[in-house]
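Good morning, and thank you for making time for this.

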Amino acid sequence: MFTIHQLRYQDILHIEIMEIKSEEITCIIGESGSGKSTFLKLLNQMISQDSGDIYYKSRPIQEYNPILLRREVAMLSQQPVIFEGTMKDNLLIGCKFAEKSFPSDEDITEALKIVHLDKSLNDDPNQFSGGEKQRLALARLLLLDPPVLLLDEPTSALDQETEDFVMSNVLHYAKRRKKTVVMVTHSLNAAEKYADTIIEIEKKRIVGGLYE
Ligand SMILES: Nc1ncnc2c1ncn2[C@@H]1O[C@H](COP(=O)(O)OP(=O)(O)OP(=O)(O)O)[C@@H](O)[C@H]1O
């Protein structure tokens, strides 16, 4: 799905060669500040490399319209973004921005079940806890139904038990729906449990995918 060759981004990230396979779960691990979030942002061109190539579906990534690319390669950032309005407004706003038809009530219920968020659709999410906001943003992304999901520490604000439950649900859902997932995680355990491929960023460098 993605092939990367001789990529440089400032002095923050250098990737010799890498492939991210379609319909797989790829986990990115590495120390704080090693460039994990930067890497995800390069994959949907929130930022552009200084040199080197990223191919998405065999075409240079810069040939894609960035807005259309981000509808296919959708990112969940580390800090959940919450808009004014109810929880339902927040769940639907992604589809509105992406000019997609709204999901059915059944789809909304399913997404909330996957992220284990038991709140009323009329609630004000600005009052939610950090972990609830994170799960709301994750449910919003699932309702968008993009083929590629870039997840930056999607469950970092959750307690261990809820984190395990939500991560397992989300990644099983992704597998069932044949999604390509690139997930940054601090948990080597989770990566070993769920990833098809684990890539470690070491000293701001990726020489190649480490182990499969
Ligand atoms: N816009 C930017 N301009 C300059 N430096 C940046 C920018 N964004 C990130 N950095 C720097 O790049 C390095 C990598 O940052 P990044 O957020 O990608 O790391 P990370 O591995 O995701 O870290 P963490 O695990 O703490 O979230 C850091 O040293 C950071 O300070």
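Asp 145 counts as partly exposed because it has 17 C-beta neighbours inside 10 Å; the scale calls a residue buried if 20 or more other C-beta atoms lie within 10 Å of its own, exposed if 12 or fewer, and partly exposed in between, with C-beta atoms placed from the backbone. Asp 145 sits in the loop between helix H5 (130-144) and strand E7; helices (H or I, at least four residues) and strands (E, at least two) are DSSP runs, numbered from the N terminus. Although Asp 145 is not a glycine, its phi is positive, about 60 degrees. Most residues other than glycine have a negative phi.

Please keep in mind that this is a predicted model, in which local features need pLDDT of at least 70 and side-chain atom pairs count only at pLDDT 80 or more, while totals for chains, interfaces and linings use all residues. Residues are numbered from 1 along each chain as its sequence is written.

Glu 99 also has a positive phi, near 55 degrees. Its place is in the loop between helix H3 (87-97) and helix H4 (105-114). Is Glu 99 buried or exposed? Glu 99 is exposed, because 7 other C-beta atoms lie within 10 Å.

I turn now to another sheet. In which order do the 5 strands of the open sheet run? The order is E5-E4-E1-E2-E10, and the pairing is mixed. At its edges are strand E5 (59-60) and strand E10 (205-206), each of which pairs on one side only. Helix H1 packs on this sheet, where it touches strand E1 (2-9), E2 and strand E4 (51-56), and its direction makes about 120 degrees with that of E1. Contact here requires C-beta atoms, placed from the backbone, within 7 Å; axes are lines fitted to C-alpha atoms, for helices over the stretch in contact, and angles run from 0 to 180 degrees between N-to-C directions.

Within the sheet, E1 and E2 run antiparallel and are joined by 7 bridges, with Phe 2 opposite Ile 20 in E2. The two strands form a hairpin with 3 residues between them, and Gln 10 in the turn has a positive phi of about 45 degrees. His 14 has Arg 205 in E10 as its bridge partner, and Ile 15 stands opposite Ile 206.

Next, the ligand. Which residues are around the ligand? They are Ile 12, Gly 30, Ser 32, Gly 33, Ser 34, Gly 35, Lys 36, Ser 37 and Thr 38; a residue is near a molecule if its C-beta atom, placed from the backbone, lies within 6 Å of it. Helix H1 (residues 36-43) gives the largest share of this shell, 3 residues. One of the shell residues, Gly 30, has its C-alpha atom 9.3 Å from that of Leu 188, although 158 residues separate them along the chain. Leu 188 belongs to helix H7 (residues 188-194) and counts as partly exposed because it has 13 C-beta neighbours inside 10 Å.

Finally, the protein as a whole. The secondary structure comes to 7 helices and 10 strands. Buried residues make up 36% of the 212 residues. Of the contacts with a separation of 6 or more, 74% are between residues 24 or more positions apart. The C-alpha trace spans about 50 × 35 × 30 Å along its principal axes.

How values were computed. Pairing = 2+ DSSP bridges. Contact = placed C-beta atoms within 7 Å.
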